[in-house]
Amino acid sequence: MIIIMERDASAENIQAVTSLLKEHGFQVIVHEGDVHTVIDALGDKTTLSPGRIDAMEGVKKIKLIREPFRLASRDRQTEDTVIEFENGVKIGGANRPVLMVGPCSVEDNYEGLLKVAVAAKEMGCQFLRGGAFKPRTSPYDFDGLGEKGLQYLAKAKEETGLLVVTELMDSTDLDLVCRYADVIQIGARNMQNFKLLKAVGKCDKPVILKRGQSSTIREFLLAAEHIMYNGNEKVILCERGVRSFDSAFTRNLLDISAVPVIKKYSHLPIIVDPSHGTGQRYLIEPMAKAGLVVGADGIMVEVHHNPACALSDGKQSLSIPQFKEVFARLNTLIDTLHLEKNVSLSCVE
Ligand code: PEP
Ligand code: MN
């Protein structure tokens with residue numbers, strides 16, 4: 001790290017900083033400028049929190065040379081992480097982008113869920129998504145079927161072979177959700193629920209971590225770091241839009257640039273969710289395409305057997321006929337991109 005001292009920092013202030021750094025094994029070089037003294041400190045940041053230096057008397061600011069996320073960083077692992085499932089499906093690297101679809105909430109209508117699952121299978125999707133535990137803004141809204149919803153998902157998996165993605169909201173439900181899910185989803189609202197991150201870090205199921213509504217990319221990667229630090233390296237990031245000043249036409253601002261940014265700084269796979277990312281059915285196709293073109297490892301879209309009657313997120317869900325139409329075109333795009341993946345997605349520095 002680089003430490004810039006205040007213009008009026010005393011010799012004692014500088015001495016205190018350099019001593020603490022040296023005590024923690026840092027190699028220290030002090031540059032005395034005309035106005036500011038700048039200290040270069042090379043060493044292992046895990047032994048001394050930069051926040052501790054930042055709080056010291058006479059310190060103006062600190063610049064970190066390495067990103068604070070270590071396990072998730074490209075510096076640690078240059079090759080892309082690839083997550084493989086029991087049925088051979090793979091996410092990440094040069095593999096074909098995966099497709100995850102299903103209703104926002106699993107509702108008490110198994111036939112409806114099955115219709116979506118059968119259509120998903122037909123269109124080449126690998127995952128059925130659906131929430132049995134739903135985080136809802138209002139306490140009066142439908143908040144999921146709980147275990148019954150998980151059982152419906154498991155039944156649809158049995159009939160179609162699709163892998164199941166479902167949200168975990170509370171670590172007390174971890175064992176229950178693990179019994180039914182192939183992938184545990186941590187929703188945007190829980191991206192920084194550190195106890196929950198720790199809990200999924202201690203299990204061995206792949207985790208989809210959705211970006212918090214107001215989270216920076218660095219915070220997003222640090223949330224992934226919490227899961228990895230606790231032992232689970234099977235993390236799939238999901239860009240699902242962030243809050244912006246303009247909500248007149250879209251629910252969130254889908255940050256498409258997050259995909260190549262994350263590809264540059266992390267080896268973890270990243271998927272894009274244009275349903276929550278925009279809140280609008282008509283924007284699902286263009287934004288899914290955009291996500292695929294910039295290198296997403298998968299797409300997650302809400303599909304409902306009757307969106308007008310959905311108990312949550314109907315407005316951003318495709319009906320089954322719409323889904324088939326849109327995904328036929330997405331599959332064509334994926335075929336094209338996949339052939340060119342290494343060529344079209346390499347970036348100029
Ligand atoms: C969902 O996937 O249905 C969901 C609630 O997503 P998010 O956490 O991104 O809002
Ligand atoms: Mn939803």
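1. Buried here means under 20% relative accessible area. By that cut-off, 54% of the 349 residues of the chain count as buried. Note that this is a predicted model.

2. Overall layout. The chain has 11 helices and 14 strands. Its C-alpha atoms fill a box of roughly 75 × 45 × 45 Å, taken along the principal axes. Among contacts with a separation of 6 or more, 69% are between residues 24 or more positions apart.

3. Domains. The chain is divided into domain 1, residues 2–63, and domain 2, residues 83–348. Their C-alpha centres lie 43 Å apart.

4. Helix 7 gives the largest share of the lining, 4 residues. By class, the lining divides into 5 nonpolar, 3 polar and 3 charged residues.

5. Helix 8 spans residues 258–265, and its buried residues are Ala-258, Val-259, Ile-262 and Lys-263. They lie on the same side of helix 8, because they cover an arc of only 135 degrees around the axis. An α-helix has 3.6 residues a turn, so residues three or four places apart point the same way. The buried residues of helix 8 pack against helix 7 (217–229), strand 12 (235–239) and strand 13 (270–272). Note that a lysine, Lys-263, is among the buried residues.

6. Leu-330 deserves a look. This residue is found in helix 11, residues 320–344. Is Leu-330 buried or exposed? Leu-330 counts as buried because its relative accessibility is 0%, and the cut-off for buried is under 20%. Setting aside neighbours within four places in sequence, Leu-330 is in contact with Glu-285, Ala-288, Lys-289 and Leu-292. Leu-330 and Leu-99 are 231 residues apart in sequence, yet their C-alpha atoms are 9.6 Å apart in space.

7. Which residue other than glycine has a positive phi near 55 degrees? It is Asp-313. Most residues other than glycine have a negative phi. Asp-313 sits in the loop between strand 14 (298–302) and helix 11.

8. Rolling a probe the size of a water molecule over the atoms shows where empty space is left. The count comes to 3 cavities of 30 Å³ or more. The second largest cavity contains about 50 Å³ of space. What lines the second largest cavity? Pro-103, Ser-105, Val-106, Glu-107, Asn-109, Gly-112 and Leu-113 do, together with His-304 and His-305. This lining divides into 3 nonpolar, 5 polar and 1 charged residues.

Conventions. Residues are numbered from 1 along each chain as its sequence is written. Chains are lettered from A and ligands numbered from 1 in the order in which they are written. This is a predicted model: local features need pLDDT of at least 70, side-chain atom pairs count only at pLDDT 80 or more; totals for chains, interfaces and linings use all residues. Side-chain values use heavy atoms; hydrogens and water are left out. On a 1 Å grid over the protein atoms alone, a cavity is a set of points where a 1.4 Å probe fits but cannot get out, and a pocket is an open set with protein on both sides within 12 Å along at least five of seven lines; lining residues have an atom within 4 Å of a point. Grid points are joined across faces, edges and corners, and a volume is the space filled by probe spheres set on the points. Ala, Val, Leu, Ile, Met, Phe, Trp, Tyr, Cys and Pro count as nonpolar, Asp, Glu, Lys and Arg as charged, and the others, Gly among them, as polar. Domain bounds come from an automatic or database domain assignment. Buried means under 20% relative accessible area, exposed over 50%, partly exposed in between (1.4 Å probe, protein chains only). Helices (H or I, at least four residues) and strands (E, at least two) are DSSP runs, numbered from the N terminus. The arc is that of the directions from the helix axis to the C-beta atoms. Contact means heavy atoms within 4.5 Å.
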